[in-house]
Amino acid sequence: MKTIGQYILLFLLLLTCRQTVQGQQLSSEQGELKGISSINQTTAKAIVGFLASDELEGREAGWKGGKIAGNYIASLLAQMGIKPVFEDYFQPFEAYRVERQKKGRLEIHPDSIEKFKQGVHQKYEMRNILAQIEGENPDEIVIVGAHYDHIGYDPMLENDQIYNGADDNASGVSAVLQIARAFKESGIRPKRTVIFAFWDGEEKGLLGSRYFTQTFVSINKVKGYLNFDMIGRNHDETNPQQVVFFYTAGKPAFEKWLKESIRNYALKLKPDYRAWENPVGGSDNTSFARLNIPIMWFHTDGHPDYHMPGDETDKINWEKLTHITEASFLCLWKMANESF
Ligand SMILES: [Zn+2]
(Lines give C-alpha, C1' and ligand atoms only; values in the text may rest on other atoms or scores of the structure.)
Protein backbone atom coordinates (compact mmCIF):
# COMPACT_ATOMS: atom_id res chain seq x y z
CA MET A 1 0.00 0.00 0.00
CA LYS A 2 1.49 3.34 -1.06
CA THR A 3 0.93 6.68 0.59
CA ILE A 4 -0.16 9.73 -1.43
CA GLY A 5 3.33 11.12 -0.89
CA GLN A 6 4.85 8.07 -2.59
CA TYR A 7 2.49 8.45 -5.57
CA ILE A 8 3.49 12.10 -5.92
CA LEU A 9 7.18 11.13 -5.84
CA LEU A 10 6.62 8.44 -8.46
CA PHE A 11 4.79 10.93 -10.67
CA LEU A 12 7.62 13.43 -10.35
CA LEU A 13 10.16 10.72 -11.16
CA LEU A 14 8.27 9.70 -14.31
CA LEU A 15 8.04 13.35 -15.35
CA THR A 16 11.82 13.77 -14.97
CA CYS A 17 12.50 10.62 -17.03
CA ARG A 18 10.22 11.85 -19.80
CA GLN A 19 11.97 15.22 -19.93
CA THR A 20 15.35 13.50 -20.13
CA VAL A 21 14.20 11.39 -23.08
CA GLN A 22 12.81 14.46 -24.84
CA GLY A 23 16.10 16.25 -24.10
CA GLN A 24 18.04 13.48 -25.86
CA GLN A 25 15.72 13.58 -28.87
CA LEU A 26 16.30 17.29 -29.34
CA SER A 27 19.94 17.19 -28.46
CA SER A 28 21.60 16.68 -31.86
CA GLU A 29 20.12 19.92 -33.23
CA GLN A 30 20.64 21.73 -29.94
CA GLY A 31 24.20 20.46 -29.82
CA GLU A 32 24.89 21.67 -33.35
CA LEU A 33 23.53 25.09 -32.39
CA LYS A 34 25.54 25.23 -29.18
CA GLY A 35 28.65 24.22 -31.09
CA ILE A 36 28.32 26.77 -33.86
CA SER A 37 27.50 29.53 -31.35
CA SER A 38 30.93 29.07 -29.75
CA ILE A 39 32.78 30.00 -32.98
CA ASN A 40 33.73 33.69 -33.15
CA GLN A 41 36.06 36.29 -34.65
CA THR A 42 37.67 37.19 -31.32
CA THR A 43 39.07 33.67 -30.93
CA ALA A 44 40.29 33.60 -34.55
CA LYS A 45 42.12 36.92 -34.00
CA ALA A 46 43.71 35.71 -30.77
CA ILE A 47 45.04 32.48 -32.30
CA VAL A 48 46.23 33.90 -35.63
CA GLY A 49 47.70 36.94 -33.85
CA PHE A 50 49.86 34.78 -31.62
CA LEU A 51 50.96 32.21 -34.20
CA ALA A 52 51.85 34.83 -36.81
CA SER A 53 53.64 37.18 -34.40
CA ASP A 54 57.28 38.03 -35.19
CA GLU A 55 58.39 36.31 -31.97
CA LEU A 56 57.47 32.91 -33.49
CA GLU A 57 59.95 33.58 -36.30
CA GLY A 58 57.84 32.03 -39.05
CA ARG A 59 57.23 28.65 -37.30
CA GLU A 60 59.67 26.63 -39.41
CA ALA A 61 59.40 22.89 -38.70
CA GLY A 62 62.12 21.73 -36.31
CA TRP A 63 63.08 25.30 -35.33
CA LYS A 64 62.38 27.14 -32.07
CA GLY A 65 59.37 29.13 -33.33
CA GLY A 66 57.76 25.96 -34.66
CA LYS A 67 58.21 24.26 -31.30
CA ILE A 68 56.63 27.18 -29.42
CA ALA A 69 53.68 27.08 -31.85
CA GLY A 70 53.24 23.36 -31.11
CA ASN A 71 53.35 23.90 -27.35
CA TYR A 72 50.75 26.67 -27.65
CA ILE A 73 48.33 24.47 -29.63
CA ALA A 74 48.74 21.57 -27.18
CA SER A 75 48.11 23.87 -24.21
CA LEU A 76 44.88 25.17 -25.79
CA LEU A 77 43.66 21.58 -26.36
CA ALA A 78 44.43 20.71 -22.73
CA GLN A 79 42.57 23.80 -21.55
CA MET A 80 39.52 22.76 -23.59
CA GLY A 81 39.60 19.33 -21.98
CA ILE A 82 40.03 17.46 -25.27
CA LYS A 83 42.01 14.26 -24.87
CA PRO A 84 45.17 13.37 -26.78
CA VAL A 85 45.13 10.53 -29.33
CA PHE A 86 48.38 9.06 -27.96
CA GLU A 87 49.97 9.34 -24.45
CA ASP A 88 50.27 13.09 -24.90
CA TYR A 89 49.32 15.55 -27.64
CA PHE A 90 52.58 15.15 -29.58
CA GLN A 91 53.44 12.63 -32.26
CA PRO A 92 57.18 13.14 -32.70
CA PHE A 93 58.99 12.08 -35.89
CA GLU A 94 62.34 12.67 -37.56
CA ALA A 95 63.18 13.82 -41.05
CA TYR A 96 66.63 13.47 -42.63
CA ARG A 97 68.42 14.75 -45.69
CA VAL A 98 71.92 15.30 -47.01
CA GLU A 99 73.93 18.31 -45.87
CA ARG A 100 72.60 21.61 -47.12
CA GLN A 101 74.77 22.26 -50.17
CA LYS A 102 73.35 19.20 -51.91
CA LYS A 103 69.79 20.50 -51.42
CA GLY A 104 68.20 17.04 -51.20
CA ARG A 105 64.64 16.41 -50.06
CA LEU A 106 63.80 15.63 -46.44
CA GLU A 107 62.73 12.01 -46.00
CA ILE A 108 60.89 10.28 -43.16
CA HIS A 109 60.96 6.64 -44.28
CA PRO A 110 63.16 4.42 -42.04
CA ASP A 111 64.99 2.97 -45.10
CA SER A 112 65.93 6.44 -46.38
CA ILE A 113 66.95 7.52 -42.88
CA GLU A 114 69.36 4.56 -42.63
CA LYS A 115 71.05 5.66 -45.87
CA PHE A 116 71.38 9.29 -44.78
CA LYS A 117 72.93 8.27 -41.47
CA GLN A 118 75.90 6.82 -43.33
CA GLY A 119 76.99 10.22 -44.64
CA VAL A 120 77.00 13.85 -43.56
CA HIS A 121 73.33 14.65 -42.99
CA GLN A 122 70.78 17.00 -41.48
CA LYS A 123 68.27 15.77 -38.92
CA TYR A 124 65.02 17.60 -38.12
CA GLU A 125 62.85 16.78 -35.11
CA MET A 126 59.21 17.52 -35.83
CA ARG A 127 55.89 16.94 -34.08
CA ASN A 128 52.31 16.49 -35.17
CA ILE A 129 49.70 17.42 -32.57
CA LEU A 130 46.67 15.15 -32.25
CA ALA A 131 43.60 15.25 -30.03
CA GLN A 132 40.28 13.42 -30.20
CA ILE A 133 36.71 13.12 -29.03
CA GLU A 134 35.73 9.48 -28.95
CA GLY A 135 32.54 8.58 -30.82
CA GLU A 136 29.79 6.10 -30.02
CA ASN A 137 31.39 3.87 -32.63
CA PRO A 138 35.18 4.24 -32.29
CA ASP A 139 35.67 1.85 -35.23
CA GLU A 140 34.88 4.76 -37.55
CA ILE A 141 37.01 7.89 -37.50
CA VAL A 142 36.88 11.28 -39.23
CA ILE A 143 39.74 13.77 -39.11
CA VAL A 144 39.95 17.55 -39.47
CA GLY A 145 43.44 18.99 -39.92
CA ALA A 146 45.66 21.91 -40.83
CA HIS A 147 49.43 22.34 -40.94
CA TYR A 148 50.88 24.69 -38.32
CA ASP A 149 54.43 25.02 -39.65
CA HIS A 150 55.54 27.73 -42.07
CA ILE A 151 58.78 28.72 -43.79
CA GLY A 152 60.70 30.53 -41.03
CA TYR A 153 62.84 33.63 -41.44
CA ASP A 154 65.80 34.84 -43.44
CA PRO A 155 68.29 37.05 -41.59
CA MET A 156 69.75 38.17 -44.93
CA LEU A 157 66.49 39.77 -46.07
CA GLU A 158 66.51 43.53 -45.86
CA ASN A 159 63.66 45.04 -43.80
CA ASP A 160 61.02 42.42 -42.93
CA GLN A 161 62.84 39.11 -42.39
CA ILE A 162 60.00 36.99 -41.02
CA TYR A 163 57.60 34.89 -43.04
CA ASN A 164 54.69 35.23 -40.58
CA GLY A 165 52.28 32.86 -42.32
CA ALA A 166 49.08 34.40 -40.96
CA ASP A 167 47.05 33.02 -43.86
CA ASP A 168 49.43 30.08 -44.48
CA ASN A 169 48.38 28.51 -42.21
CA ALA A 170 47.64 30.13 -38.86
CA SER A 171 44.18 30.72 -40.35
CA GLY A 172 43.62 26.97 -40.79
CA VAL A 173 44.94 26.20 -37.30
CA SER A 174 42.46 28.66 -35.79
CA ALA A 175 39.63 26.85 -37.62
CA VAL A 176 40.63 23.39 -36.33
CA LEU A 177 40.94 24.73 -32.77
CA GLN A 178 37.55 26.48 -32.91
CA ILE A 179 35.93 23.35 -34.36
CA ALA A 180 37.45 21.22 -31.59
CA ARG A 181 35.97 23.55 -29.01
CA ALA A 182 32.60 23.58 -30.83
CA PHE A 183 32.40 19.77 -30.72
CA LYS A 184 33.23 19.87 -27.01
CA GLU A 185 30.72 22.68 -26.30
CA SER A 186 27.95 20.82 -28.14
CA GLY A 187 27.80 18.38 -25.24
CA ILE A 188 27.01 15.59 -27.74
CA ARG A 189 29.10 12.51 -28.30
CA PRO A 190 29.50 12.14 -32.09
CA LYS A 191 28.66 8.84 -33.78
CA ARG A 192 32.19 8.52 -35.20
CA THR A 193 35.41 9.40 -33.37
CA VAL A 194 36.69 12.85 -34.40
CA ILE A 195 40.44 13.54 -34.50
CA PHE A 196 41.74 17.14 -34.51
CA ALA A 197 45.13 17.23 -36.26
CA PHE A 198 47.85 19.87 -36.55
CA TRP A 199 50.53 18.81 -39.01
CA ASP A 200 54.19 19.75 -38.86
CA GLY A 201 56.56 19.87 -41.85
CA GLU A 202 53.90 20.47 -44.52
CA GLU A 203 56.02 23.17 -46.14
CA LYS A 204 58.92 20.70 -46.39
CA GLY A 205 56.91 18.11 -48.34
CA LEU A 206 53.69 17.19 -46.44
CA LEU A 207 55.92 15.36 -43.95
CA GLY A 208 53.64 15.35 -40.90
CA SER A 209 50.47 14.12 -42.61
CA ARG A 210 52.55 11.61 -44.59
CA TYR A 211 54.13 10.27 -41.39
CA PHE A 212 50.72 10.02 -39.72
CA THR A 213 48.97 8.22 -42.58
CA GLN A 214 51.90 5.81 -42.98
CA THR A 215 52.08 4.86 -39.30
CA PHE A 216 48.63 5.25 -37.72
CA VAL A 217 47.47 1.73 -36.78
CA SER A 218 43.78 2.64 -37.21
CA ILE A 219 44.19 4.28 -40.63
CA ASN A 220 41.74 1.76 -42.15
CA LYS A 221 39.01 3.13 -39.86
CA VAL A 222 39.35 6.67 -41.25
CA LYS A 223 36.22 7.47 -43.29
CA GLY A 224 36.93 11.08 -44.25
CA TYR A 225 39.37 13.98 -43.92
CA LEU A 226 38.65 17.73 -43.90
CA ASN A 227 41.64 19.98 -44.65
CA PHE A 228 42.35 23.68 -44.23
CA ASP A 229 45.23 25.43 -45.91
CA MET A 230 45.04 29.23 -46.30
CA ILE A 231 41.46 30.30 -45.55
CA GLY A 232 41.85 33.94 -44.56
CA ARG A 233 42.54 36.08 -47.64
CA ASN A 234 40.78 37.45 -50.70
CA HIS A 235 42.03 36.15 -54.03
CA ASP A 236 39.97 38.82 -55.79
CA GLU A 237 39.09 41.97 -53.82
CA THR A 238 35.92 42.41 -55.88
CA ASN A 239 34.70 38.97 -54.68
CA PRO A 240 35.64 38.87 -50.95
CA GLN A 241 33.22 36.02 -50.11
CA GLN A 242 34.92 33.59 -52.47
CA VAL A 243 36.29 30.29 -51.13
CA VAL A 244 37.51 27.31 -53.13
CA PHE A 245 35.95 24.06 -51.97
CA PHE A 246 37.76 21.00 -53.28
CA TYR A 247 36.17 17.64 -52.58
CA THR A 248 36.40 14.02 -53.67
CA ALA A 249 34.19 13.80 -56.77
CA GLY A 250 32.70 10.47 -55.68
CA LYS A 251 31.10 12.14 -52.63
CA PRO A 252 28.47 14.63 -53.87
CA ALA A 253 27.06 14.72 -50.30
CA PHE A 254 30.01 16.98 -49.38
CA GLU A 255 28.85 19.71 -51.79
CA LYS A 256 25.24 19.28 -50.62
CA TRP A 257 26.26 19.67 -46.95
CA LEU A 258 28.15 22.90 -47.64
CA LYS A 259 25.24 24.36 -49.62
CA GLU A 260 22.78 23.48 -46.82
CA SER A 261 25.07 24.91 -44.13
CA ILE A 262 25.46 28.23 -45.94
CA ARG A 263 21.71 28.47 -46.54
CA ASN A 264 20.59 27.41 -43.03
CA TYR A 265 22.91 29.80 -41.21
CA ALA A 266 22.97 32.63 -43.81
CA LEU A 267 26.77 32.47 -44.03
CA LYS A 268 28.39 35.08 -46.27
CA LEU A 269 30.31 32.70 -48.52
CA LYS A 270 30.37 32.14 -52.29
CA PRO A 271 32.08 28.80 -52.75
CA ASP A 272 33.75 27.79 -55.95
CA TYR A 273 32.80 24.08 -55.91
CA ARG A 274 35.53 21.92 -57.40
CA ALA A 275 34.76 18.21 -57.53
CA TRP A 276 38.12 16.44 -57.92
CA GLU A 277 38.47 12.89 -59.19
CA ASN A 278 41.78 12.16 -57.46
CA PRO A 279 42.45 15.02 -55.01
CA VAL A 280 46.22 14.55 -54.82
CA GLY A 281 48.17 17.81 -54.71
CA GLY A 282 48.41 21.15 -53.00
CA SER A 283 48.27 20.28 -49.32
CA ASP A 284 47.84 17.59 -46.64
CA ASN A 285 44.68 16.26 -48.36
CA THR A 286 47.22 14.46 -50.61
CA SER A 287 48.34 12.08 -47.84
CA PHE A 288 44.74 10.93 -47.30
CA ALA A 289 43.60 10.92 -50.93
CA ARG A 290 46.51 8.60 -51.81
CA LEU A 291 44.81 6.03 -49.55
CA ASN A 292 41.43 6.65 -51.22
CA ILE A 293 40.05 8.39 -48.12
CA PRO A 294 37.40 10.96 -49.19
CA ILE A 295 38.49 14.56 -48.56
CA MET A 296 37.17 18.11 -48.38
CA TRP A 297 39.57 21.05 -48.59
CA PHE A 298 38.78 24.72 -47.91
CA HIS A 299 41.20 27.22 -49.48
CA THR A 300 40.86 30.92 -50.31
CA ASP A 301 43.33 30.73 -53.22
CA GLY A 302 46.49 32.63 -54.05
CA HIS A 303 47.44 36.24 -53.31
CA PRO A 304 50.56 38.42 -53.72
CA ASP A 305 51.76 37.70 -50.13
CA TYR A 306 51.78 33.91 -50.65
CA HIS A 307 55.09 32.60 -49.16
CA MET A 308 56.28 36.18 -48.65
CA PRO A 309 57.12 38.15 -45.46
CA GLY A 310 53.95 40.18 -46.09
CA ASP A 311 51.59 37.31 -45.10
CA GLU A 312 50.64 39.25 -41.95
CA THR A 313 47.77 39.12 -39.46
CA ASP A 314 46.35 42.56 -40.29
CA LYS A 315 45.52 41.43 -43.85
CA ILE A 316 43.16 38.62 -42.79
CA ASN A 317 39.46 38.86 -43.72
CA TRP A 318 38.10 37.91 -40.28
CA GLU A 319 34.47 37.67 -41.29
CA LYS A 320 35.31 35.22 -44.07
CA LEU A 321 37.64 33.16 -41.87
CA THR A 322 34.91 32.86 -39.23
CA HIS A 323 32.20 31.96 -41.74
CA ILE A 324 34.42 29.28 -43.30
CA THR A 325 35.05 27.91 -39.78
CA GLU A 326 31.29 27.78 -39.11
CA ALA A 327 30.48 26.17 -42.46
CA SER A 328 33.19 23.56 -42.05
CA PHE A 329 32.10 22.80 -38.47
CA LEU A 330 28.66 21.98 -39.90
CA CYS A 331 30.17 19.81 -42.67
CA LEU A 332 32.33 17.95 -40.14
CA TRP A 333 29.33 17.52 -37.84
CA LYS A 334 27.59 15.72 -40.71
CA MET A 335 30.71 13.75 -41.62
CA ALA A 336 30.90 12.58 -38.00
CA ASN A 337 27.22 11.71 -37.65
CA GLU A 338 25.62 10.89 -41.02
CA SER A 339 26.12 8.21 -43.65
CA PHE A 340 27.71 9.35 -46.90
ZN1 LIG B 1 50.06 26.01 -46.42
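Two strands pair if DSSP finds at least two bridges between them. The views below show a predicted model.

**View 1. Strands β7 and β8 pair in parallel.** Strand β7 (residues 242–248) is joined to strand β8 (residues 270–276) by 7 bridges. Between β7 and β8 the chain passes through helix α7 (residues 252–264), and this β-α-β crossover is right-handed. Gln242 has Lys270 in β8 as its bridge partner.

**View 2. Helix α2 packs against helix α9.** The axes of α2 (residues 41–51) and α9 (residues 318–337) lie 9 Å apart and form an angle of about 105°. Because angles of 65 to 115 degrees count as roughly perpendicular, α2 is described as roughly perpendicular to α9. On the α2 side, the contact involves Gln41, Ala44 and Lys45, which meet Trp318, Leu321, Thr322 and Thr325 of α9. Of the residues in this contact, 3 are nonpolar, 3 are polar and 1 is charged.

**View 3. A cis peptide bond links Asp168 and Asn169.** The omega angle of this bond is about 10°. Asn169 belongs to helix α5 (residues 166–186). Most peptide bonds are trans.

**View 4. Lys103 has a positive phi.** The phi of Lys103, a residue other than glycine, is near 50°. Lys103 sits in the loop between β2 (90–98) and α4 (110–117). Lys103 counts as exposed because it has 8 C-beta neighbours inside 10 Å, and the cut-off for exposed is 12 or fewer.

**View 5. Asn159 also has a positive phi.** Its phi is near 70°. Asn159 is placed in the loop between β4 (137–147) and α5. With 5 other C-beta atoms within 10 Å, Asn159 is exposed.

Methods:
Residues numbered from 1 in each chain as written. Predicted model: local features only at pLDDT ≥ 70, side-chain atom pairs only at ≥ 80, totals over all residues. Helix = DSSP H or I, 4+ residues; strand = E, 2+ residues; numbered from the N terminus. Right-handed = clockwise from strand over helix to strand, strands pointing away. Axes fitted to C-alpha atoms, helices over the stretch in contact; angles between N-to-C directions. Parallel < 35°, antiparallel > 145°, perpendicular 65-115°, else oblique. Contact = placed C-beta atoms within 7 Å. Nonpolar A, V, L, I, M, F, W, Y, C, P; charged D, E, K, R; others polar. Buried ≥ 20, exposed ≤ 12 C-beta atoms within 10 Å, placed from the backbone.
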